[in-house]
Amino acid sequence: VKRYPLHQATVELGLLAHSGEDPEDPSPFGIKAYRKIKRERLACPSCFICDKDCFHIEEGPFAGTVVYSHAFSPVRRMGKTFCLDDTAHGVVLAGMLNRYGLGNHEFVRLVEFLFDLKERGLLAKELLKELPLKQDFESGRALIELVTHREGFGDVMAEGMLAVIREVGEEARRYAHQVKGMATMMIRGWI
């Protein structure tokens, strides 16, 4: 394992080491931002990748926030899904999902699905008034709270993709990326 050519980079960056990204990219969800918030990488005893991260926000309104995650990808997904321009916001949202026991993959896919249905005009006006379907930090926070506490349409979202389709209408099924009710690939062109 130690002779693996990318061993050190993999230990330092996990799967980001294999992303082909520019390490100097200044974007809030690039490798440079990752290095800034990463306090340490952790691994199971037999794992050489160190696939767990401890993120620490050192400045701003969330200074002192510590979030443990299985990787940087949940932070990045929150950033892309909600068009965030602050790494700390992505960390906070990913931390909320983790703390509340919500699956990052399923939550993001459901939110992306709802964004898509909104753009297609398939969501009822009453639902649009209830759901904070904007691409910003506060909407992300509010949606996580709605699902966690099963409030309003959050109760439907908590039941998953098929429940959302049943509630919104059968027309929505043709835009749902799901297999047996589980969300699959993101629908906005990100993998």
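**Entry 1: ground rules and the start of the chain.** I took helices (H or I, at least four residues) and strands (E, at least two) as DSSP runs, numbered from the N terminus. With that settled, I found H7 in helix α1, residues 7-13. I noted that this is a predicted model, where local features need pLDDT of at least 70, side-chain atom pairs count only at pLDDT 80 or more, and totals for chains, interfaces and linings use all residues. Residues are numbered from 1 along each chain as its sequence is written, and side-chain values use heavy atoms, with hydrogens and water left out.

For burial I used relative accessible area: buried is under 20%, exposed is over 50%, and partly exposed is in between (1.4 Å probe, protein chains only). H7 counts as buried because its relative accessibility is 13%. I also looked up a pair that includes H7: H7 and I49 are 42 residues apart in sequence, yet 7.9 Å apart in space, C-alpha to C-alpha.

**Entry 2: the strands.** I counted two strands as paired if DSSP finds at least two bridges between them. Strand β1 (residues 38-42) runs antiparallel to β2, and four bridges join them. One bridge I wrote down sets K38 against F55 in β2.

β2 (52-56) is also joined to β3 by four bridges, again antiparallel. Here D53 has S69 in β3 as its bridge partner, and F55 has V67 in β3.

Why is β2 largely enclosed by the rest of the structure? Four of its five residues are buried, so the rest of the structure largely encloses β2.

I then checked the faces of β3. V67 and S69 make up the covered face, while V66 and Y68 make up the uncovered one. This reminded me that in a regular strand the side chains alternate between the two faces of the sheet.

**Entry 3: α3 and what follows.** Which residues of α3 are buried? I listed P74, V75, R76, M78, G79 and T81. Contact, for me, means heavy atoms within 4.5 Å. The cover over the buried residues of α3 includes β2, β3 (66-69), α4 and α5.

Next comes C83, which follows α3 and has a positive phi near 50 degrees. C83 counts as partly exposed because its relative accessible area is 47%.

I found a second case in R150, whose phi is positive at about 50 degrees although R150 is not a glycine. R150 lies in the loop between α7 and α8 and is partly exposed, with a relative accessible area of 37%.

**Entry 4: the core.** A nonpolar core is a set of buried Ala, Val, Leu, Ile, Met, Phe, Trp, Tyr and Cys residues joined through side-chain atoms within 4.5 Å. The largest one holds 50 residues, and F82, F107, F113, L131, L143 and M157 touch the most other members. Elements that each supply at least two residues of this core include α3 (73-81), α5 (104-119) and α7 (137-148). α5 gives the most, with eight residues.

**Entry 5: α9.** M161, A163, V164 and I165 are buried in α9. They pack against α5, α8, β4 (178-179) and β5 (182-183). G169 follows α9 with a positive phi, near 130 degrees.

**Entry 6: a pocket.** On a 1 Å grid over the protein atoms alone, a pocket is an open set of points where a 1.4 Å probe fits, with protein on both sides within 12 Å along at least five of seven lines; lining residues have an atom within 4 Å of a point. I looked up the second largest pocket, which is lined by 16 residues. K36, I37, E59, D86 and T87 lie nearest its centre.

What gives the largest share of this lining? α2 does, with three residues. α2 (31-37) and α4 (87-100) each supply at least two residues of the lining.
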